[in-house]
Amino acid sequence: MTVTLADVAARARVSPATVSRVLNGNYPVAASTRERVLRAVDDLDYVLNGPASSLAAATSDLVGILVNDIADPFFGIMAGAAQTQIGGPGDGSGRAGGEKLAVICNTGGSPERELTYLTLLQRQRAAAVVLTGGAVENPEHQAAMAAKLAKLADAGTRIVFCGRPPLPEGDALVAALAFDNRGGGRRLTEHLISLGHRRIGYVAGPRERTTTRHRLEGHREALHAAGLGALAAAGDAGGTATGSGDRGDDDPLVVHGPYDRRSGYEATLELLRRAPYVTAIVAANDTVALGACAAVRDQGMRIPQDISVAGFDDLPFSVDAVPALTTVRLPLFEAGARAGRLAMGKENPPPGGIATIAAELMIRGSTAAPRG
């Protein structure tokens, strides 16, 4: 049932004219009244576009692409690739053809902003929404996401996940393109073990992210398969972590922190203080690995002669690092482009709506056998 301006007015206990004034911003309204009206708009999911709201399945030429941080190449590559399929060039005449207007929504990793952007896109009758990167593993947020995405889908919006698994509940998706983070993490650690490393530190991402959990699970699967799982609990834990990192599930060889260079630097210093015996460090992603490399060098150690460092994602700068970074390649551009085609209905969804995208180990100079 379509929500009307009168419904909002009744919910906010004001006249329809007052609702109109608040939404149009063309007449002064008391702050408390304005807040009641906006709360009612949110509660009822009122669509601001009056003509569109009268058409239950009408959609606009707008496509939203949600990213955590557009400055992060991981997200920038996927968003840019999706846009090539969503808002690509027409026939050269300058006239609009079948393209859509792609809008990048930068959430900053905030679950609240993610929901806010989805609400705004719903009000704009977005034709499609592409959500990139790992999801927050919080039951309340997941339930709120499922409810919001269901409303979008009911209104005709196509929803595609790119680089994240489907929600535990909810079937509103056109498709979920999930990277094999667990398999990539396992193969990376298997490589280090094959070189002779037995004490491997791990600079992990934020605890609440699916990407963090899956990559760390793959790492630990490789350790346990090699009979090294007990080593994770060995040694002196050395107190709590400092800076941007925190203790990793009481594992002295794991430090959690944000997916950025500063976290990689500070968490690596904490890891080396806590477990100076490590001969290799696996970083949550390539950006974190750069910080880890800087921390290792500032401690007077050489890479890979004294300690090996590995990353994840195979971002463009990885091959230009000195030494070049051993990492796991995710086909970010290909995945983003596919998500764009799915969002535009140019490609059929995978069977069951879910596709797992393989990760490839890229062995370079930053990893070598431990000395001695």
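Predicted model: local features only at pLDDT ≥ 70, side-chain atom pairs only at ≥ 80, totals over all residues.

How many contacts beyond four places in sequence does the model have for residues 232–245, where pLDDT stays under 50? The count for residues 232–245 is 38. For the protein chain, the mean pLDDT is 87, with 86% of the residues at 70 or more.

Let me turn to the sheet. An open sheet is formed by 6 strands, and reading across it the order is β2-β1-β3-β4-β5-β12, with parallel pairing. The edges are taken by β2, residues 101–106, and β12, residues 354–357; each has a single partner strand, so one side of each is left without a neighbour in the sheet. From one strand to the next, the twist averages 15°.

Within this sheet, I would draw your attention to one pair. Opposite glycine 64 we find valine 129 of β3.

Next, the helix that covers these strands. Helix α5 lies across β1, β2, β3, β4 and β5, and its direction is at about 165° to β1. Helix α5, residues 73–86, also packs with helix α12, residues 332–344, at an angle of about 40°, their axes being 7 Å apart. The angle between α5 and α12 therefore makes them oblique to each other, and their crossing is right-handed. On the α5 side, the residues in contact are Phe74, Ile77, Met78, Ala81, Ala82, Gln85 and Ile86; on the α12 side, they are Leu332, Phe333, Gly336, Ala337, Gly340, Arg341 and Met344. By class, this contact of α5 with α12 comprises 10 nonpolar, 3 polar and 1 charged residues.

Helix α1, residues 5–12, and helix α3, residues 31–44, cross at roughly 120°, and their axes come within 8 Å. α1 and α3 are therefore oblique to each other, with a right-handed crossing. From α1, Asp7, Val8, Arg11 and Ala12 meet Arg36, Val37, Ala40, Val41, Asp43 and Leu44 of α3. The contact of α1 with α3 has 6 nonpolar and 4 charged residues, and no polar ones.

Thank you for your attention.

Technical notes
Residues numbered from 1 in each chain as written. Heavy atoms only, no water. Axes fitted to C-alpha atoms, helices over the stretch in contact; angles between N-to-C directions. Helix = DSSP H or I, 4+ residues; strand = E, 2+ residues; numbered from the N terminus. Parallel < 35°, antiparallel > 145°, perpendicular 65-115°, else oblique. Left-handed = near helix turned anticlockwise from the far one by under 90°. Contact = heavy atoms within 4.5 Å. Nonpolar A, V, L, I, M, F, W, Y, C, P; charged D, E, K, R; others polar. Pairing = 2+ DSSP bridges. pLDDT = per-residue confidence, 0-100.
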